[in-house]
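User: I would like to learn how to read domains, contacts, cores and ligand shells in a model. Could you take me through them one at a time?

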Amino acid sequence: MARLGGVGAGAEVRGTPVAPELSPLARDRLAYRRSRARRSTLVAFASTVVFAGAVGVGVVSSPGWPRVRDTFFDIHVAWSSLPPVLAGLWLNIRVLVVAEIGILVLGLLIAVLRTLRGPVFLPVRALATGYVDLFRGLPLLIALYLIGFGVPALRLSGVPTDTAVLGTITLILVYSAYVAEVFRAGIESVHPSQRAAARSLGLSHRQSMRLVVLPQAVRRVLPPLLNDFVALQKDVGLISVLGAVDAIRAAQIEAARTFNFTPYLVAALLFVLLAIPTGRVADAVAARAARRQGAS
Amino acid sequence: MSPVLEVRGLVRRYGTTTVLDGVDLTVEEHRVVTLIGSSGSGKSTLLRCVDLLEEVDDGQILLDGVDVSDPRADVAAAQRRMAIVFQAFNLFPHMTAVQNVSLAPRVVHHVPAAEADERAHELLRRVGLERFAGAYPDRLSGGQQQRVAIARALAVQPRLLLLDEITSALDPELVGEVLAIVRELADGGITILMATHEMGFAKQVSDQVCFLDAGRVLESGPPGQVLGDPVHDRTRQFLARVIAAGRLV
Ligand SMILES: Nc1ncnc2c1ncn2[C@@H]1O[C@H](COP(=O)(O)OP(=O)(O)OP(=O)(O)O)[C@@H](O)[C@H]1O
Ligand SMILES: [Mg+2]
């Protein structure tokens, strides 16, 4: 029986390789590279300070600055508006989590429905396609008005009238259309030979989809999915147009109460802070995906 | 008793080109039948048709005497009794070697997970890869991937094993390790229908060699006769080209 050759890769399949002893040449090169890296960091730091300083001086020396400072950067207003805006942000976060889960489930479902073959599924396929066409083209703001104000106006019993709930439903409906297309692209990017291999092993269509195609598809579309998630993070603020007291609505109320725009800045800052971790995760996932592509 | 596989007058067309033009073929139990023929002669197409991965335009495929090419036949049930190893391995990249091997026994044949896992390890040991059970396909060499693919095919205990040029994507030094396993399987009595360009190997393991030309089996018989003393000019020309390419050992 054939044995594997002396392939060293075996030992490294799991564990981390041991760092080898460095030669003087390698040490010298490493030291040089480090000093270069330090220099680049310094240059980057200095240029950032100079640039920020120039912008700062430009803004502060503009004729309207004193007024802008008082209406946008009032520290007392910022402090007093923080609790209500934070309370509003908590609503945004809850909407975000529920909407994201709904979007992933509905998006995946629609994507899978669109890939079904055979005449039996024609109506299902047509419905899924129509859904994507409709909600991908509909501006989110209009969808919010139509669902947020239209549905309660029907006065049907059992239908939710809470504005946050209606806003969440709208976000799910609209974003699912995008996410379904992302999933579908992923499904179609899996080579047909994978399906053939699964079928030849006797797996049913559903088993092939669930165990072979979808895991590969989802891995591939993770970076664009995270990108859509970042976009959703700020679009949850749009539910404020329905009157739901989220961070933006709370800021609006505070601004009206204090005759000052600072609460908007507070809300903006909080949204940006919320988006930063997701953005970093998205970058890391994209980088990992790129590395894997390069490796295989 | 009926043969494991009987192909009668098989026709397969792609658009206007007829790739298989009335193929007749019989594979008896415990036999190794080898398909040879130039590139594009339809070897892969024939194997894919037999495995019911492609529909046939005419003719019949009988598995243990049952016509499985009939549209009313249970395709999944027939596929469960065959296994194919592809030219390009087609391992599932998101699963480790052992998961690749145990998948079908678990989800198709409902073998309990622990037992399927144990049998998968046993099969990997058989192809010399127990050390790589936890490795993902992209960490394996071509030869190692192809051996996992063979283990995966064997895991479903197929009545008929189909091998499609399983060494043609491999570097010459990796060919030996894969062929050694096939030889062992053949000695073990498993029924095999395979396509290959390795004439030396075909000569060693086959009970019967079929030369495929223009969508038909032009010539078939014992390997010594077909490869050593062919009847048809076309076969002679093909073998001469193969010898010129250094593939006939
Ligand atoms: N899906 C397809 N659509 C159209 N034509 C196809 C398709 N698959 C195969 N063919 C054609 O069928 C013919 C036979 O292909 P096949 O892959 O069976 O050849 P082969 O004998 O396996 O060749 P090789 O030795 O190169 O693997 C070729 O001419 C090929 O172009
Ligand atoms: Mg081929």
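**Domains of chain B**

Analyst: The domain assignment, whose bounds come from an automatic or database source, gives chain B domain 1 (5-81 + 158-244) and domain 2 (96-157). This is a predicted model, in which local features need pLDDT of at least 70 and side-chain atom pairs count only at pLDDT 80 or more, while totals for chains, interfaces and linings use all residues. Residues are numbered from 1 along each chain as its sequence is written, and chains are lettered from A and ligands numbered from 1 in the order in which they are written.

User: How many residues does each domain of chain B give to the contact between them?

Analyst: Two residues are in contact if their C-beta atoms, placed from the backbone, lie within 7 Å. The centres of domain 1 and domain 2 of chain B, taken over C-alpha atoms, are separated by 25 Å, and the contact takes 11 residues from domain 1 and 11 residues from domain 2. On the side of domain 1 that touches domain 2, helix H6 (residues 172-187) of chain B gives the most, with 4 residues; helices (H or I, at least four residues) and strands (E, at least two) are DSSP runs numbered from the N terminus. That side of domain 1 divides into 8 nonpolar, no polar and 3 charged residues, where Ala, Val, Leu, Ile, Met, Phe, Trp, Tyr, Cys and Pro count as nonpolar, Asp, Glu, Lys and Arg as charged, and the others, Gly among them, as polar.

User: Which residues touch the most other members of the largest nonpolar core?

Analyst: A nonpolar core is a set of buried Ala, Val, Leu, Ile, Met, Phe, Trp, Tyr and Cys residues joined through C-beta atoms within 7 Å. The largest such core has 124 residues, of which A:Phe183, B:Val50, B:Val101, B:Leu124, B:Ala151, B:Leu162 and B:Leu193 touch the most other members. Helix H7 (residues 163-189) of chain A gives the most to this core, with 13 residues. Domain 1 and domain 2 of chain B both give residues to this core, so the core lies between them.

User: Why does A:Leu166 count as buried?

Analyst: A residue is buried if 20 or more other C-beta atoms, placed from the backbone, lie within 10 Å of its own, exposed if 12 or fewer, and partly exposed in between. A:Leu166 is buried because 22 other C-beta atoms lie within 10 Å, and its place is in helix H7 of chain A. Not counting residues up to four places away in sequence, A:Leu166 touches A:Ile147, A:Gly148, A:Val151, A:Pro160 and A:Leu242. The C-alpha atoms of A:Val95 and A:Gln233, 138 residues apart along the chain, are separated by 9.5 Å.

User: How many residues does each chain give to the contact between chain A and chain B?

Analyst: The contact takes 27 residues from chain A and 33 residues from chain B. Helix H1 (9-12), helix H8 (192-200) and helix H9 (205-235) of chain A are the elements that give two or more residues to the side of chain A that touches chain B, and the residues of that side divide into 14 nonpolar, 9 polar and 4 charged.

User: Which residues surround ligand 1?

Analyst: A residue is near a molecule if its C-beta atom, placed from the backbone, lies within 6 Å of it. Around ligand 1 are B:Tyr14, B:Val19, B:Gly37, B:Ser39, B:Gly40, B:Ser41, B:Gly42, B:Lys43, B:Ser44, B:Thr45 and B:Glu165. Helix H1 (residues 43-50) of chain B supplies the largest share of this shell, 3 residues, and by class the shell has 2 nonpolar, 7 polar and 2 charged residues.
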